[in-house]
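User: I would like to go through the terms used for this model and check what each one rests on. Please set values against cut-offs where they are needed.

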2 protein chains.
Amino acid sequence: MDVYETIISKRDTRAYLDRPIPEDSLRRILNAGRMAGSSKNSQPCRFIVMRDREAIARLAKAGDFTAPMLSAPLVVAVMLEEGWRPFDAGRAAQNMMLAAWAEGITSCPVGIQHVDEGRRAVGAPDNFEVHMVICFGYPQPGVPLGRGQMRRPLDEIVHMERW
Amino acid sequence: MDVYETIISKRDTRAYLDRPIPEDSLRRILNAGRMAGSSKNSQPCRFIVMRDREAIARLAKAGDFTAPMLSAPLVVAVMLEEGWRPFDAGRAAQNMMLAAWAEGITSCPVGIQHVDEGRRAVGAPDNFEVHMVICFGYPQPGVPLGRGQMRRPLDEIVHMERW
């Protein structure tokens with residue numbers, strides 16, 4: 001798949017095979033996140049790599065819709081430093097998810113609604129929050145990627161010169 | 001370039017050739033943004049394609065460090081709907097910037113600090129803001145991509161299992 005095909009075929013997927021992510025794939029995923037640009041080169045993200053089922057279950061309790069975490073062979077908590085842009089966390093996460101998808105590894109972001117509880121679950125300092133958790137895993141054969149949700153057509157979301 | 005190489009070689013670049021972006025590249029860039037996943041499939045972004053110098057200059061006045069907009073042959077204002085995640089705007093923007101970079105088109109996000117002024121400049125409704133502006137253009141030969149800023153090493157930003 002070329003870059004464009006990889007980008008437009010990526011679907012957030014919540015069901016994974018029980019098959020570990022190879023170490024070299026993990027390294028590329030993390031490095032893709034690391035290389036994302038950020039406002040004023042603030043590099044406001046840290047990544048917590050989680051494969052321990054108990055550690056993952058503990059963090060999952062801090063969110064409301066975290067079931068995908070429990071079956072994901074790899075979970076990466078995207079930590080965002082206070083005062084910096086969530087937009088940049090999105091850039092880093094998308095880099096990671098695309099690097100994974102290029103290798104056939106699918107993913108899904110999961111929110112952690114209870115911020116203090118999430119921070120405590122991973123032992124992070126006060127100036128970082130678990131901004132988003134990304135679940136990674138190989139897709140289950142026969143299970144559709146995504147949930148069949150469509151995107152709005154391009155001419156509905158694009159304006160020319162002004163709104 | 002494969003997907004991983006495209007991701008890790010992308011540098012936010014502020015100097016552009018005075019050369020227009022082809023229509024088919026523009027369409028792929030916008031479609032890459034459109035196909036980005038979002039929380040609850042909210043699809044909270046709209047894109048305003050700007051090439052008119054006066055329109056761009058008007059919007060640039062609503063931000064503090066917007067000089068790159070004035071020389072970019074293409075500017076896309078990423079509009080975010082109120083109540084949804086800036087993280088998802090980052091995902092969509094990164095998709096667009098990577099689709100562009102795969103075709104040799106570089107880019108740079110620019111913030112619009114004065115929110116009301118930005119909204120007025122593009123004529124957007126109250127429930128959308130100019131969350132970020134992405135400048136696109138072909139890089140100037142001989143001018144380094146990025147500003148020579150380094151990224152922190154991987155082992156400084158990655159934690160295993162917990163912080």
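User: Which residues of helix α3 of chain A are called buried?

Analyst: The model is a predicted one. In α3 (residues 53-60) of chain A, the buried residues are A:Ile56, A:Leu59 and A:Ala60. The word buried requires 20 or more other C-beta atoms within 10 Å of the residue's own.

User: What puts these residues on the same side of α3(A)?

Analyst: Around the axis they cover an arc of only 105 degrees, and therefore they lie on the same side of α3(A). An α-helix has 3.6 residues a turn, so residues three or four places apart point the same way. The elements against which the buried residues of α3(A) pack are β1 (45-50), α4 (67-71), β2 (74-81), α6 (115-122) and β4 (128-137) of chain A.

User: Why is strand β3 of chain A described as largely enclosed?

Analyst: Five of the five residues of β3(A), residues 106-110, are buried, so the rest of the structure largely encloses the strand. Both faces are covered: A:Thr106, A:Cys108 and A:Val110 are buried on one side, and A:Ser107 and A:Pro109 on the other. β3(A) runs antiparallel to β4(A), and five bridges join them. At least two bridges are needed for two strands to pair, so five are enough here. One of the bridge partners is A:Val133 in β4(A), which goes with A:Val110.

User: How is B:Leu26 classed, and why?

Analyst: B:Leu26 has 19 other C-beta atoms within 10 Å, which makes this residue partly exposed. Buried would need 20 or more, and exposed 12 or fewer, so a count of 19 falls in between. B:Leu26 is in helix α2 of chain B. Leaving out residues up to four places away in sequence, B:Leu26 touches B:Ile21 and B:Leu74. Its C-alpha atom is separated by 9.5 Å from that of B:Ala99, 73 residues apart along the chain.

User: Which strands form the open sheet, and in what order?

Analyst: The order is β5(A)-β1(B)-β2(B)-β4(B)-β3(B), five strands with mixed pairing. β5 of chain A and β3 (106-110) of chain B stand at the edges with a single partner strand each, so one side of each has no neighbour in the sheet. On average, neighbouring strands are turned by 25 degrees against each other, direction ignored.

User: How do you know that the chains are related by a two-fold axis?

Analyst: Chain B is superposed on chain A by a rotation of 180 degrees with 0.0 Å of shift along the axis, at an RMSD of 0.0 Å. That is the relation of a two-fold axis.

Notes. Residues are numbered from 1 along each chain as its sequence is written. Chains are lettered from A and ligands numbered from 1 in the order in which they are written. This is a predicted model: local features need pLDDT of at least 70, side-chain atom pairs count only at pLDDT 80 or more; totals for chains, interfaces and linings use all residues. Helices (H or I, at least four residues) and strands (E, at least two) are DSSP runs, numbered from the N terminus. The arc is that of the directions from the helix axis to the C-beta atoms. Two residues are in contact if their C-beta atoms, placed from the backbone, lie within 7 Å. Axes are lines fitted to C-alpha atoms, for helices over the stretch in contact, and angles run from 0 to 180 degrees between N-to-C directions. Copies are superposed by least squares on the C-alpha atoms of residues with pLDDT of at least 70 in both.
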